[in-house]
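Subject: Structure handover and notes on salt bridges

Dear colleague,

I am passing on the structure below, followed by notes on what was found in it. Please read the notes with the coordinates open.

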Amino acid sequence: MSGYHDRLQGTDRLLRIRRIRKAVFAGLLALTIVLIFARLQGEGASLKPLFLPVNGILEVALIMGLTTSIVGLFLRNLELRNVLRDNQRFLMAKSSMTRAIRTAAFAIGLAVALLLAITPSLAATLLSDPPQVVSLLPNAREVVTFTSPDPLGLTFVTYAAVGVTNGSVSVTVMRDNVTVAAPKVLTSAQRAVLEIEPSMWADRATWSLVFRNTQNAPTFLTFVLQKGIVPTLFSTVPFLVFLYGAVQIGWWVVLRPIRERTKETSLRSAAEIDSGERLYDPSAPIPDAPTLVREDRMTSSFVDPPPPSPSAPPPPPRPVPVMRTPKPEPPRPAPRAPVREPETADSLVRKAEALVATGTYEAALTGFEEALRLDPAYVPALRGRATCEEKLNQRSEAVETHRRILANDRRNVDSLRAIARLQMADRRWRECLEAVEDLLRVRPNDAAALEIEGDALSNLGRRPEALAAYEAAAAVDPTDENLRQKIEEVRVDVPSLLSRALIASASGNYAQALSLFDDILEVDPSNVNALIGKAVAYRRRGKAQEALNCLDLVLGVQPGNASALLNRGNILLEQGNAEAALESFERLTQLYPNDEEAWTAQGDVLLRIGRDDDAHQAFTEALRLSPGDEGIQRRLLDVKAAKVDSSEILQELIEVKGVGRARAKALIDAGFKDPEDFAKATPKSLMAVKGVTRKVAEELLEHFRETMAQVR
């Protein structure tokens, strides 16, 4: 009877649509699960070890959810079309619109938050590991292993930033025990950023950083594993969520005319509604008791109806009670979206300090500057800004920031010490002395401040005062061996000894010069000027190897010392080691490209080893830096003349039987530049050249001896 009743009432279509919707939703759910399993299997998911990449699950779930939403809206539209009464259509449209607008607001808000509020760089910075320190014994090897991506596939290692504090370390990157990049050698104070997976992880793998100490001394290094967030969370996911919100807004737009059209008719249909049907009437009163349903009697057409019962007199009419319409309640205010609290200087500083802990000083500096825009006198922001500027080697800016701190707090010890240290690093000794004197007014017994004062006074030539400062620092900290060394250096007049040693070396008194240089190095073993002067004295005395040893000590302290590189190249060139000399001069021109003396020395070496074209380029660069130098001009003319002579002799050699171009060039490179050289040569000297046989040597001697005889 219920199915027959549904057909009579016209509700059987709604039931069929709802059954279809349940079946379709169940099928889509099963398809989603199958697609998720296929996606996880394609990305190498596993339970041991746990690896379930969430990005694949999110993409499949959002795409299938969007499909399910569109199919559900289509079936809901069919339900609205097959509803018999406008009041039912109105209620369905109204509830669907409310649900649609709420869903759209949530989806669009989530998409905007992922696109704008949460940036990939900020998320990756917060998830990056803190710096780690590795200690390496002499010639030792250390392996640091990590996996990328994480078990959920959300974060992965993009770069490994490695820095060496001292010594020399070789760094190798390996993926599943396979080397992916050539070993990189880092020396003291160098920093390198090694690529792991810069853009996106390819597959879950075990990575290794292999550190090897290449020296016979212990060393320390630091490394930071910089991480990235899966790009899907900031590209595909916001796009799909935004599409979902757009579909809901479109559905709301479609339903709005239906709701407005059926609203009036749903209020007028109260008189036509049978018992059991719903009615929308906001002005109707709430009944006290449920309405009794009248049961209809069924009669058969084959049985005579019973005789009508005698009608009773109608009861007197009762007065119809007047129903008062209740006053409508005032509309409740719509809940407001939570207001995002504005950023404060304190909150910005906390975020920037988190970035400082991860080593991203540029981003942290931006955060501190934003905090200072809100509160220019906020000391924690000024302190953090100064720290970032020091880390980024912006010394002058850091000094100004510390002075802003001192404008609010004249007794800030950290800022006073930082200004003195920065001025000392820039060798601005007068400003350093002023800053350290301010520090000593606050901390008169600070050993470090007294030592800085002594350094400033010593470099300003005020040796007695520097000695007093060093002795005061040693009285506070008697265990500091460095202070004792500085006290000995100040007591010995190093500038005077250096001047006397240089005069003795220039006048040819090498024994006295070397003795004075040794006196200086005894109190100051790393005095670069004394080491270079000692090397020059050894060179003039004819002890080239001792001079090279002194220059190597200088380059160990200052690898880019121009004087040491130039002298080393000249000594090697005098010893006949042109290749090693060329290496020193090439390094010198790389470090000091505006030094015409370096280019000239490089050109001389290149000319000696037969690389005339390269020598011509070197002399041209030297002449560009010093246009009026006659010596460089004379060298260029000699190179050009040699090139002309070489081209003439090359053509003549090619014409000799059995020589050819390759052998001709080899003979010229071996030093046979003109016919006279060949006429004076012996078969044995010619055969020493690669490719020259005895027959070819005899042909050359016969040809050039005839040529020289004709000339005479």
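Is Arg417 buried, partly exposed or exposed? At 24% relative accessibility, Arg417 counts as partly exposed, where buried means under 20% relative accessible area, exposed means over 50% and partly exposed lies in between (1.4 Å probe, protein chains only).

This is a predicted model, in which local features need pLDDT of at least 70 and side-chain atom pairs count only at pLDDT 80 or more, while totals for chains, interfaces and linings use all residues. Residues are numbered from 1 along each chain as its sequence is written, and side-chain values use heavy atoms, with hydrogens and water left out.

There are 19 salt bridges, each defined as a side-chain nitrogen of Lys or Arg within 4 Å of a carboxyl oxygen of Asp or Glu. One of them joins Arg417 to Asp446 at 2.3 Å, N to O. Because Arg417 lies in helix H11 and Asp446 in the loop between helix H12 (429–442) and helix H13 (447–459), the pair ties together parts that are 29 residues apart in sequence; helices here are DSSP runs (H or I, at least four residues), numbered from the N terminus. Asp446 is buried, at a relative accessible area of 13%.

Glu390 and Arg421 also form a salt bridge (2.7 Å, N to O), which links helix H9 (residues 379–391), holding Glu390, to helix H11 (residues 413–425), holding Arg421, across 31 residues.

Finally, the structure holds zero disulfides, that is, pairs of cysteine sulfur atoms within 2.5 Å.

Best regards

Conventions:
Helices (H or I, at least four residues) and strands (E, at least two) are DSSP runs, numbered from the N terminus.
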